[in-house]
Amino acid sequence: MQMADVPYALPDERGHFGPYGGVFVAETLIHALDELREQYARYRADPEFVAEFEYELKHYVGRPSPVYHASRWSERLGGAQLYFKREDLNHTGAHKINNCIGQALLARRMGKRRIIAETGAGQHGVAAATVAARFGMQCVVYMGSEDVSRQAQNVFRMKLLGAELVPVESGSKTLKDALNEAMRDWVTHVEDTFYIIGTVAGPHPYPMMVRDFQTVIGRECLTQMPEMIGRQPDAIIACVGGGSNAIGIFHPYIPYDRVRLIGVEAAGDGIATGRHAASLTAGRPGVLHGNRTYLLQDANGQITETHSVSAGLDYPGVGPEHAWLKDTGRAEYVTVTDDEALAAFHDCCRIEGIIPALESCHALAHAARLAVTLPRDKVLLVNLSGRGDKDMNTVAERAGLHFYCRPACDPSRR
Amino acid sequence: MRSIAALGQADIQALANRIDATFATLRAAGRTALIPYVTAGDPSPAVTPLLLHALVGAGADVLELGVPFSDPMADGPVIQRASERALAQGVGLRDVLTIVAAFRQRDSTTPIVLMGYANPIEAMGAEAFAERAKSAGVDGVIVVDYPPEEAREFAALLVERGLAPIFLLSPTTPTARMSLVADMARGYVYYVSLKGVTGAGHLDTAAVAARLAEIRRHVSLPVGVGFGIRDAASAQAIAAHADAVVIGSRIIEEIEGGPADEAPARAAAWLATIRAAMDEVAKRAA
């Protein structure tokens, strides 16, 4: 496999990926971020820390997650072969736990006993609450009040795990507002509190640190794919909200320039309707939540409300490294609508016996779309970033009473 | 070098920036500046210029005018509400500059400092913003989420036009960064008096005094103190150590506490009590 000539070593010392990333926060947080940067630099190079991280990933999370050949679906499509990286099989049901383990171990070494987190769909909140229980730490999760009512089951899970859940009533009452509120908490309790950001966004070192903890996904694939098919895949496809599962599987493959990297954003009701969450496709660069990146915003620079059937993609920004990968052309970014994602959801359930998270369905939908255009000897590796248990209500609502029926028993289709 | 107290009126006039002139005058008179903060467009774009005039009438020396933003991460609930009220009326950065220009028609001396977040400025374009801010009559700019490391070009654009880039210092700022801020800042520096968001209530005056002494070893500009000052007693306590007292959330509580058209009168009446309390301290000291 060919490697690119120029080694990729971003971000720079101050967290920049080209013009993106950086540290755009109020002065009160600068010191906390400096401390975090120094401590992370120290521990990422500490063999004991790395060994403990790997031990937890193996024995608590259940890694390595397998790669699975979706042979029935591939056969039906009649084109390229679909392979799934099964992050849905992780403890707590998604890739989010990888990062939470890493940050919780770091928090413990830094002597911080209280962790805070923001959450949209609740997956990161559940993962944060889980590691807090695992390591005996106090945990406060901020969640937009709109999301609290949409994700009742995850709210209950977090409470079972002993976390305090704070509904956020400001702004649009969704993920971005939960992030604002978590930042406000951090600035107020900066001495004893560790903020576990759930995605590859926020001020440096978060985009780099979260990426590093998530690259376990791609590193496993680097050895698993040759074992299964004797080579690396032709393309890797992952959904992108903030972009942590995507960067986790993309990053180790950046030097492999024959492997296409394809990020899939949420087109919601369609890009033309304005009701979507596709910041790379339809946004402009700006500054939010501590970093410069592509943002969905109006002409006045106000951040606009987003829409996606998948709460985990419902965010107006995107990790700065994705912004850079887009501008440099190393990764491509496409979109999938709510309806396309839901169709992929049902296909995956019925054909493969896997109930995927709605976020991951965006990647699946594009993979299916792309597979039919390619010959059978091509291989597409999809990051199946989470399982769909949390999405039962959403899918049931969208499909009315008949969501559990095959199309044949749907009266409207008779 | 002559002490600032020795400057004559002509010298003061010659100072390019209204902020420098104001602080020079105040220092000569042994007074502490009073800086109210209000959000532009709250309670309405029409009332804001009247509100600003009323605050000047009540003893404000410098005005901090907030630029509404959808995601005010560093602000507490009171200023968040003010921002949401302004946004609900569609107030953007262009409108804020229009408000400043309207204010300038009747007041050519009181400095105005815009305070807000980076994204509305980047959406307009940093250079276009600096140009328009200058011609509207703005004197200084605080961008909460532009720490000095990320603001070099922006600060240069302001300084070229005689506008002051104003930076924040916090209880956690190490001394090495104070020198960096001192190099880049103009006008004054803004000491955030507590670890928290605007309007929080755990101000420790003794700790602030100790920090100010430290800051003055590195920064020669006037030092304003804000976040958490909400009554005559805390204003007096801070005024004894700072060059300026900044009050935001408490004034906005006055603005939102009654009919919109009477907001200037309510805010001015409250600010006047603070001015009187601060002047009392100055008199006792003199």
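Tutor: Happy to! Let's begin with one term: a polar contact is a pair of N or O atoms within 3.5 Å, where within protein one must be able to donate a hydrogen and the other to accept it, and residues adjacent in sequence count only if both atoms are side-chain atoms. Our residue, B:Asp42, makes such a contact through its side chain with the side chain of B:Arg85, at 2.7 Å.

Before going on, a word on what you are looking at. This is a predicted model, in which local features need pLDDT of at least 70 and side-chain atom pairs count only at pLDDT 80 or more, while totals for chains, interfaces and linings use all residues. Residues are numbered from 1 along each chain as its sequence is written, chains are lettered from A and ligands numbered from 1 in the order in which they are written, and side-chain values use heavy atoms, leaving out hydrogens and water.

Now find B:Asp42 in the loop between strand E1 (33–39) and helix H3 (47–57) of chain B; helices (H or I, at least four residues) and strands (E, at least two) are DSSP runs, numbered from the N terminus. B:Asp42 has a relative accessible area of 1%, so it is buried (under 20% relative accessible area; exposed is over 50% and partly exposed in between, with a 1.4 Å probe and protein chains only). Which residues surround it? Leaving aside neighbours within four places in sequence, B:Asp42 is in contact (heavy atoms within 4.5 Å) with B:Thr48, B:Leu51, B:Ala82, B:Arg85, B:Ala86, B:Ile252 and B:Ile255.

The backbone here deserves a look too. B:Asp42 is joined to B:Pro43 by a cis peptide bond, with omega near 5 degrees, and B:Pro43 belongs to the loop between E1 and H3 of chain B. Most peptide bonds are trans. Chain A has a cis bond as well, between A:Leu10 and A:Pro11, with omega about 5 degrees; A:Pro11 lies in the segment before strand E1 (16–17) of chain A.

B:Phe227 is not a glycine, yet has a positive phi of about 80 degrees. You will find B:Phe227 in the loop between strand E8 (223–226) and H11 of chain B, and it is buried, with a relative accessible area of 8%. Over in chain A, A:His289 has a positive phi of about 50 degrees and is not a glycine either. A:His289 sits in the loop between E11 and E12 of chain A, and at 2% relative accessibility it counts as buried.

Charged partners come next. A salt bridge is a side-chain nitrogen of Lys or Arg within 4 Å of a carboxyl oxygen of Asp or Glu, and the structure holds 46 of them over all chains. In chain B, B:Asp243 forms one with B:Arg216, the closest N and O atoms being 2.8 Å apart. That pair links distant parts of the chain: B:Asp243 is in the loop between helix H11 (232–239) and strand E9 (244–247), and B:Arg216 in helix H10 (residues 205–218), 27 residues apart. B:Asp243 counts as buried at 15% relative accessibility, whereas B:Arg216 is partly exposed at 34%. In chain A, A:Asp88 and A:Arg86 meet in a salt bridge of 2.8 Å, N to O, and both A:Asp88 and A:Arg86 are buried.

Finally, step back to see how chain B meets chain A. Here 40 residues of chain B are in contact with 36 residues of chain A. The area buried between the two chains is about 2,900 Å², with carbon and sulfur atoms giving 48%; buried area is the accessible area (1.4 Å probe) that two parts lose on being put together, summed over both. On the chain A side, A:Glu27, A:Arg184 and A:Gln302 lose the most area to chain B, together 23% of what that side buries. Three salt bridges cross the interface by the rule, and A:Glu27 forms a salt bridge with B:Arg177, the closest N and O atoms being 2.7 Å apart. Between chain A and chain B, 20 residue pairs are in polar contact, both residues at pLDDT 80 or more.
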